[in-house]
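Try each one before you read the solution.

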Amino acid sequence: MKRVVSILKRTQKIFSDHDMNVYAGYSTLCILMALIPLLILIVSLVSLLPQFSTEDLVNSLLSDFPLVSEIREMLTGIILSLSNTSVSVVASVSALSTLWAASNGISAVQKSLQEIEGFSQNGIRNKLTALAYTVLFILMIPALLISQVFSRTIRSALGNFLYTIHLHDIAGRIYSFLRLSSVVVILSAIVIVLLMYTFLPGKTRKIKDQLPGAVFTALLWLGFSAAFAYFIPRFWKASAFYGSLAAVFLSAMWLKIIMTILFYGAALNNALKEEAAIDSETL
């Protein structure tokens, strides 16, 4: 128990000493400013895929946001309006400038993680890494849409096969397990955060050393988003205070806390590293 308390105190000290609360606000602002160009590229790319509509994209993206009506209505409106104007962006020269603007959010997270790691690298390498991560994120959305189609096909084929050989109970259990989207969401969140902690800041670090913070961050992200989606509609009517700006305010508040959790996870990894170094010295 004392060791856990010691790690938590060290985590808080690392977070505070590097002013990560300020960096969380900075990252939130940059991500919000990069949201429109990022959505333009995603919508344009999805429009090139056969059998996928803008509504499919809306449903896929909104599954990662809290169930708060103001936020979901704002994002739905933005995506639907962009779908009418950004179809040809991917094939045009403007895609490069749009990608550059969209990568600014990742660049802010990158600088924040470098601050907590206590080092920095040259600006060109930083930007190239941020651009690469932005491209990967953009490609991930269509990949998730395609995987959803394949997963439905696999579930249907497997269920039909098991029913054919009269394994009805097993078919029902397997089908229910394969539909546990929360498991997929948790694993995806852990992988995304793990890759960010390991490669985004630069330098070389072991994946296993970043795993505790990634698991901590992913679980806390999902827990906070669920609590946010439950309490906000019931106990705080933001529209009464902020009117049409309620969606923007709620999105910024949610994203700010998400960024804070992300940097606490990075601080936890550093705290565990320092604790391990102290233990090795005492031996």
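**Exercise 1.** Compare the span of helix H2 with the expected one, then find the residue where H2 is kinked.

*Solution.* Keep in mind that this is a predicted model. Start with the ends: H2 covers residues 20-47, which makes 28 residues. From first C-alpha to last, H2 reaches 38 Å, close to the 40 Å expected at 1.5 Å a residue. Next, follow the axis: there's a kink of about 40° at Leu35.

**Exercise 2.** Work out whether Pro201 is buried or exposed, and list what it touches.

*Solution.* First locate Pro201: it's in the loop between helix H9 (181-199) and H10. Its relative accessible area is 1%. The cut-off for buried is under 20%, so Pro201 counts as buried. Now for the neighbours: leaving out residues up to four places away in sequence, Pro201 touches Gln110, Leu113, Gln114, Phe119, Gln121 and Met196. Take Gln114 from that list: it sits 87 residues from Pro201 in sequence, yet the C-alpha atoms are 5.2 Å apart.

**Exercise 3.** Describe the second largest pocket: its space, its lining and the helices that supply it.

*Solution.* Begin with the space, about 340 Å³. The lining has 17 residues, and Glu117, Arg205, Gln210, Asn270 and Lys273 are the closest to the centre. Sort the lining by type and you get five nonpolar, five polar and seven charged. Finally, helices H6 (104-117), H10 (207-235) and H12 (246-282) each supply at least two lining residues, with H12 giving the largest share, five.

Definitions and conventions. Residues numbered from 1 in each chain as written. Predicted model: local features only at pLDDT ≥ 70, side-chain atom pairs only at ≥ 80, totals over all residues. Heavy atoms only, no water. Helix = DSSP H or I, 4+ residues; strand = E, 2+ residues; numbered from the N terminus. Expected span 1.5 Å × (residues − 1). Bend = angle between axes of the 7 residues up to and from the residue. 1 Å grid on protein atoms, 1.4 Å probe; cavity = no way out; pocket = protein on both sides within 12 Å on 5 of 7 lines; lining within 4 Å. Points joined across faces, edges and corners; volume = space filled by probe spheres on them. Nonpolar A, V, L, I, M, F, W, Y, C, P; charged D, E, K, R; others polar. Buried < 20%, exposed > 50% of the residue type's maximum accessible area, 1.4 Å probe, protein only. Contact = heavy atoms within 4.5 Å.
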